[in-house]
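Let's take a friendly walk through a protein model, one region at a time. Keep the picture open as you read, and try to find each place for yourself.

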Amino acid sequence: MTAAAIIALLVLLLGGGWLYTPDKPRAELEAQYARPGDFQPVAGLRLHVRDSGPRTAPPVIFLHGFASSLHTWEDWARSLEGEFRVIRFDLPGFGLTGPDPSGDYTDARSMAVILSLMDRLELPRASLVGSSMGGRIAWTFAATHPARVDRLVLMAPDGFASPGRSYGTTPSVPLLARVLPYTLPDSLLRSSLAPAYANPAVLTEATLARYRDMLLVPGNRQAILDRMAQGALVDPVPLLRRIEAPTLLLWGQADAMVPVANAADYTAALRDSRVVTLPGIGHVPMEEAPAETVIPLRDFLRR
């Protein structure tokens with residue numbers, strides 16, 4: 001959510017108590033968005049996981065972006081699960097996994113969760129696909145656990161410093177952002193999500209409702225603030241240089257959130273990488289044009 005959106009949210013909040021938005025009952029959300037067998041005990045969490053495709057097929061683990069959930073991958077999963085074992089899960093603090101009881105939302109904690117999930121599923125190695133924040137987690141895992149990663153796919157990954165976000169400093173959560181656990185106006189949620197889509201028609205009412213409901217899982221909005229407060233960046237170049245896995249940078253040319261020009265930062269540091277750009281596509285190709293954008297992903301995983 002942008003600073004302008006947060007300011008507008010506060011103005012609206014002060015303008016009327018009717019804007020208070022409570023969490024939804026977990027049982028109601030699980031009945032709508034989970035499937036039988038979705039939850040597994042992993043690293044002290046009740047992790048929301050979907051695992052489809054042949055158990056003997058090459059495994060691929062998908063890591064979603066900030067404030068998203070495993071549902072963002074479902075169209076791609078249907079296209080790939082005949083040939084690959086497709087594993088996607090809600091990172092702690094997001095989706096139906098919900099808040100981490102440890103209160104730890106650092107990248108180190110994410111590494112531990114991925115390792116624990118792979119061990120539980122008896123996967124010595126897997127390919128990783130990460131979007132945005134999930135991309136940063138994916139390349140960090142590939143750098144720190146190279147023996148566990150076959151191939152790496154990064155989609156508009158996070159990780160390099162940018163204006164207002166430097167290396168080695170713990171960001172402070174703006175005072176205005178702290179109203180997030182108490183209110184969630186539809187208009188501001190839509191304005192926060194809209195830049196992710198080059199085609200505005202893709203952000204349907206059903207998609208908006210899903211994102212909203214995942215934010216209303218009990219404790220998730222506070223967990224988002226906690227993650228923001230723990231999100232110190234490290235210089236990615238030394239880590240990227242350690243990655244052994246062949247890497248695909250898959251990027252929407254019309255990405256308004258993380259510009260495609262940023263791909264050059266990664267290709268300069270990675271030893272084995274290629275870039276595929278997606279004309280007319282924004283920040284979430286798997287939602288915006290799943291049938292077309294899964295093709296270069298499948299081709300890379302088949303190599």
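## Helix 7 and its cover

The buried residues of helix 7 are covered by elements that include helix 2 (26–33), helix 6, helix 8 and helix 11 (285–288). Keep in mind that this is a predicted model. Which residues of helix 7 are buried? They are Thr-207, Leu-208, Arg-210, Tyr-211, Asp-213, Met-214 and Leu-215.

An α-helix has 3.6 residues a turn, so residues three or four places apart point the same way.

## Where helix 6 meets helix 7

Now look at one of those covering elements, helix 6. The axes of helix 6 and helix 7 come within 11 Å of each other and cross at roughly 105 degrees. Because angles of 65 to 115 degrees count as roughly perpendicular, helix 6 is roughly perpendicular to helix 7.

On the helix 6 side, the contact is made by Asp-186, Leu-189, Arg-190 and Leu-193. Helix 7 brings Glu-205, Leu-208, Tyr-211, Arg-212 and Leu-215. Sorted by class, the residues of this contact are five nonpolar, no polar and four charged. Leu-208, Tyr-211 and Leu-215 are also among the buried residues of helix 7.

## A cavity inside

How many cavities of 30 Å³ or more does a search of the whole structure find? The search finds one. The largest cavity holds about 40 Å³ of space.

Its lining is made of Ala-67, Ser-68, Gly-93, Phe-94, Gly-95, Met-214, Leu-215, Asn-220 and Ile-224. The elements that give two or more residues to this lining are helix 7 (205–215) and helix 8 (220–229). By class, the lining has five nonpolar, four polar and no charged residues.

## Another crossing: helices 4 and 5

The axes of helix 4 and helix 5 (residues 133–144) come within 10 Å and cross at roughly 70 degrees. That makes helix 4 roughly perpendicular to helix 5.

In helix 4, the residues that take part are Asp-107, Ser-110, Met-111, Ile-114, Leu-115 and Met-118. They meet Arg-136, Ile-137, Thr-140, Phe-141 and Thr-144 in helix 5. This contact has six nonpolar, three polar and two charged residues.

## Two positive phi angles

Most residues other than glycine have a negative phi. With that in mind, look at Glu-122, where phi is positive, near 60 degrees. Glu-122 sits in the loop between helix 4 (107–120) and strand 5 (126–131).

Ala-156 is not a glycine either, and its phi is about 45 degrees, again a positive value. Ala-156 lies in the loop between strand 6 (149–155) and helix 6 (186–193). Are these two residues buried or exposed? Glu-122 is exposed, with a relative accessible area of 69%, whereas Ala-156 is buried, at 3% relative accessibility.

## A buried loop residue

Leu-70 is in the loop between strand 3 (59–63) and helix 3 (74–80). Buried means under 20% relative accessible area, so Leu-70, at 0%, counts as buried.

What does Leu-70 touch, apart from its neighbours within four places in sequence? Its contacts are His-48, Val-49, Arg-50, His-64, Arg-88, Phe-89 and Asp-90. Take His-48 as an example: Leu-70 and His-48 are 22 residues apart in sequence, and their C-alpha atoms are 8.3 Å apart in space.

Definitions and conventions
Residues are numbered from 1 along each chain as its sequence is written. This is a predicted model: local features need pLDDT of at least 70, side-chain atom pairs count only at pLDDT 80 or more; totals for chains, interfaces and linings use all residues. Side-chain values use heavy atoms; hydrogens and water are left out. Helices (H or I, at least four residues) and strands (E, at least two) are DSSP runs, numbered from the N terminus. Buried means under 20% relative accessible area, exposed over 50%, partly exposed in between (1.4 Å probe, protein chains only). Axes are lines fitted to C-alpha atoms, for helices over the stretch in contact, and angles run from 0 to 180 degrees between N-to-C directions. Angles under 35 degrees count as roughly parallel, over 145 as roughly antiparallel, 65 to 115 as roughly perpendicular and the rest as oblique. Contact means heavy atoms within 4.5 Å. Ala, Val, Leu, Ile, Met, Phe, Trp, Tyr, Cys and Pro count as nonpolar, Asp, Glu, Lys and Arg as charged, and the others, Gly among them, as polar. On a 1 Å grid over the protein atoms alone, a cavity is a set of points where a 1.4 Å probe fits but cannot get out, and a pocket is an open set with protein on both sides within 12 Å along at least five of seven lines; lining residues have an atom within 4 Å of a point. Grid points are joined across faces, edges and corners, and a volume is the space filled by probe spheres set on the points.
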